[in-house]
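Student: I would like to go through a structure and learn how to read its contacts, fold and charges. Please show it first.

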Amino acid sequence: MYPVSVKGVISTATGDVVLLMNERDEWELPGGRIEVGETPVDCLAREISEELGLQVVVGGVVDTYLFEVIPGRHVFIATYSCVLQGAFEPVLSSEHKRVGLFAPNALPGNLPEGYRRSIAAMGAPRATSS
C-alpha cells in the first residue's frame with residue numbers, strides 16, 4: 001500500500017500555473033496527504049489554504065499516477081483542477097521555500113514529469129492581450 005497525496009493544478013487569471021519549491025529543491029503542485037475522515041476534495045482545499053493562504057474550488061480529477069519521490073519511496077498522486085476564489089495573494093507557509101508562477105509552456109526544469117502531465121492535461125489557456 002502506498003501513501004496517497006492529492007495535488008491541485010491552479011491557474012491564475014493570466015493563465016500561469018502555481019508551483020511551490022519543496023525541500024528537495026524541486027517545484028511541485030500544492031497539496032498533501034489526506035487525513036482520516038477527510039475526502040480528497042476537502043483535503044486539497046485545506047492543504048492549499050495551509051500552504052498558500054488561498055481559497056479554491058476543487059474540480060475534477062485530472063490525472064493519477066505512482067510517483068517515486070526518492071529512490072524506493074513511492075506515493076500515489078491524484079491531481080485535481082482548482083479554481084482560485086478571490087485575488088491571488090499567496091502567503092507561503094514554512095512547508096515550502098518559494099511560490100512561483102509559470103506559463104504552462106515554460107515550466108521549470110526541476111518539475112517532475114507527473115506534474116508536467118497533469119498541467120498539460122488541464123490544457124490551461126494562456127491569456128492573450130489585444
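Student: What share of contacts between residues at least 6 apart in sequence join residues at least 24 apart?

Tutor: The model is predicted. In the protein chain, 64% of the contacts between residues at least 6 apart join residues at least 24 apart.

Student: How many helices and strands are there, and in which pattern do they follow the sequence?

Tutor: The chain has two helices and seven strands. Their order along the sequence is β-β-β-β-α-β-β-β-α. The radius of gyration is 14 Å, close to the 14 Å that the globule rule gives for 130 residues, so the chain is as compact as a globular protein of that length. Along the principal axes, the C-alpha trace spans about 50 × 30 × 30 Å.

Student: What percentage of the residues count as buried?

Tutor: Of the 130 residues, 45% are in the buried class.

Student: How should I read the charges?

Tutor: Side chains of opposite charge can pair when their charged atoms come close. Here there are 10 positive and 16 negative side chains, with the centres of the two sets 5 Å apart. A search of the whole structure gives nine salt bridges.

Student: Which parts does the salt bridge between Lys-97 and Asp-25 tie together?

Tutor: The N to O distance in this salt bridge is 2.5 Å. Lys-97 is in the loop between β6 (73-85) and β7 (98-102), while Asp-25 is in the loop between β2 (17-21) and β3 (27-28), so the pair ties together parts that are 72 residues apart in sequence. Lys-97 is partly exposed at 47% relative accessibility, and Asp-25 is partly exposed at 43%.

Student: What does Arg-24 pair with?

Tutor: Arg-24 forms a salt bridge with Glu-26, where the closest N and O atoms are 3.4 Å apart. Arg-24 is partly exposed at 28% relative accessibility; Glu-26 is partly exposed at 24%.

Student: Where in helix α1 do Arg-46 and Glu-50 sit relative to each other?

Tutor: They are four residues apart in helix α1 (residues 40-52), which means about one helical turn separates Arg-46 from Glu-50. Their side chains meet in a salt bridge with an N to O distance of 3.2 Å.

Student: Are Arg-46 and Glu-50 buried or partly exposed?

Tutor: Arg-46 has 18% relative accessibility and counts as buried, whereas Glu-50 is partly exposed at 40%. Salt bridges with shared partners join Glu-35, Glu-38, Arg-46, Glu-47 and Glu-50 into one network.

Definitions and conventions:
Residues numbered from 1 in each chain as written. Predicted model: local features only at pLDDT ≥ 70, side-chain atom pairs only at ≥ 80, totals over all residues. Heavy atoms only, no water. Salt bridge = Lys/Arg side-chain N within 4 Å of Asp/Glu carboxyl O. Buried < 20%, exposed > 50% of the residue type's maximum accessible area, 1.4 Å probe, protein only. Rg over C-alpha atoms; globule rule 2.2 N^0.38 Å. Contact = heavy atoms within 4.5 Å. Lys, Arg positive; Asp, Glu negative; His and termini not counted. Charge placed at Lys NZ, Arg CZ, Asp CG, Glu CD.
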